[in-house]
Amino acid sequence: MVFSSLTFLQCFLPLCLLAYFLVPQKWRNGTLFLFSLLFYAWGEPVYVVLMLFSTALDYTCGQMAERHRGQRGAKIALLVSVCVNLGLLGVFKYCDFLIGTVNSLFGTALPQPNLPLPIGISFYTFQVLSYVIDVYRGETAAQRNFIDLAAYVSLFPQLIAGPIVRYSDVAAELKSRTHSVSAAAEGVRRFTVGFAKKILLANQFGALASAYKSTQDASVLFVWLYALAFLLQVYFDFSGYSDMAIGLGRMLGFHFPENFNYPYISASITEFWRRWHMSLGSWFRDYLYIPLGGSRKGKARQLLNILIVWLATGLWHGAAWTFVLWGLWFAVLLLLEKLALLPVLEKHRVLGHVYTLFFVTLGFVLFDADSAAQAVSRIGAMFGAGGLPLSSAQAVYYLKSYGPLLVLGILCATPLPKMIVAKLRKSKAAATALDVLEPLFVLIPLLLGTAFLVDGSFNPFLYFRF
């Protein structure tokens, strides 16, 4: 089940909120846990057991790590948690990739298990690991109530696609959280923004990208339209889902961390990755980069640590060589910036914006490819490789059809709409008008998005594969 579905909007969410607010406060975590299990089981009934096993394991390891802190028992608990959780992730996500690679390299015919990928396993694995690691470090107390920890791990707003919520972020709110009409209204507004991003923007850009992939009339113009469409699709798809998750969290009394901060206005790749999927970036920083030594052991070691982190980031996104190459692509750019480019880019921000968008666009063409060969072919086509014509009738048709939407998407990927609203609110009359019209601003996108869903329009979710 996903947020952008009629089942979720018309059945699951109303029933969940009704049950949640009807039960006494002491039962609310249990209610969330049960509804989260239903949410997950809707698409993955078998793998609920896997998530419950991880929860039980890390509940036990957390208790042991706290009880034996500073002793060998705590290290054993941490090691068990890390090995089992990463082992499960490896088996279900990377087993076929590793066996396929071995078969290709050595000409063997080892059988591949072809296990279905449990939805959200990359996200909840990182969450339970951060919990046990933080308990081991003494940065948070172990959770004594199994239901409360299970509610944290399975919490449906952020279970499928994040943001990656650390236990320390919500530990106090798991114990006690406040609810108010204003907080619920804020949550509804945030959910609506994310819903509109996903249905009204991301899905439309996805349809344009799909049109290029199925065309027999390729051209340089068309491949650039595809690259721009996918760049906008992946942003509005993922940031929209994060907005919906954050909004749902506010309705339920939780404050989830922000996950995106207008990454396409960045003037360097370094800045871009401080703004894109921020919860993942901070997770790798705190649980991999810094433990490896960070920047504390000299420049050469720092550069190696960056390379390791970005290999891990690429693999986290998917079990394919295209994701490994994607991680290396950004690792190389980050290393170049660290060594020489960053001062120049910070001084000349216009140049930095152009540079960043150019290399991020090429990176996401690689990200979307089914193979390295396809990525090379598409990137080459962007520069007319193979004698590709500059334009075609089909490309011009799609440019005219999607041109206004592309402009709207570009504007919405910047802080401009938010700045305009903030400026209007400085006027008392405009602020009053905005307050009066706010219900319409919430209702209209929900109705339009629902109409698209009823129509059965194009509605993929890119991050299901992670």
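Author: Let us start with one residue of this predicted model. Phe126 has a relative accessibility of 5%, so Phe126 counts as buried.

Reader: How is a pair of aromatic rings described?

Author: A pair of aromatic rings is described by the distance of the centres and the angle of the planes. In this structure, a search of the whole model finds 57 aromatic pairs. One of the pairs is formed by Phe126 and Phe284, with 5.5 Å from centre to centre and 80° between the planes, which makes the pair edge-to-face.

Reader: Which parts of the chain does this pair link?

Author: The pair links distant parts of the chain: Phe126 belongs to helix H5 (residues 121-137) and Phe284 to helix H12 (residues 278-289), 158 residues apart.

Reader: Is Phe284 buried or exposed?

Author: Phe284 has a relative accessible area of 5%; because buried means under 20%, Phe284 is buried.

Reader: Why is the pair of Tyr235 and Phe260 edge-to-face?

Author: The planes of Tyr235 and Phe260 stand at 80°, with ring centres 6.0 Å apart, so the pair is edge-to-face. This pair also links distant parts of the chain, 25 residues apart: Tyr235 is in helix H10 (residues 220-251), and Phe260 is in the loop between H10 and helix H11 (269-275). Tyr235 counts as buried at 2% relative accessibility, and Phe260 is buried at 13% relative accessible area.

Reader: Which residue lies over the face of Tyr20?

Author: Arg28 lies there, at 5.2 Å from the ring centre of Tyr20. Lys93 lies over the face of Trp316, at 5.5 Å from the ring centre.

Terms used
Residues are numbered from 1 along each chain as its sequence is written. This is a predicted model: local features need pLDDT of at least 70, side-chain atom pairs count only at pLDDT 80 or more; totals for chains, interfaces and linings use all residues. Side-chain values use heavy atoms; hydrogens and water are left out. Rings of Phe, Tyr and Trp (its six-membered ring) pair if their centres lie within 6.5 Å; planes under 30 degrees apart count as stacked, over 60 as edge-to-face and the rest as tilted. Helices (H or I, at least four residues) and strands (E, at least two) are DSSP runs, numbered from the N terminus. Buried means under 20% relative accessible area, exposed over 50%, partly exposed in between (1.4 Å probe, protein chains only). A charge sits over a ring if NZ of Lys or CZ of Arg is within 6 Å of the ring centre and within 35 degrees of the ring normal.
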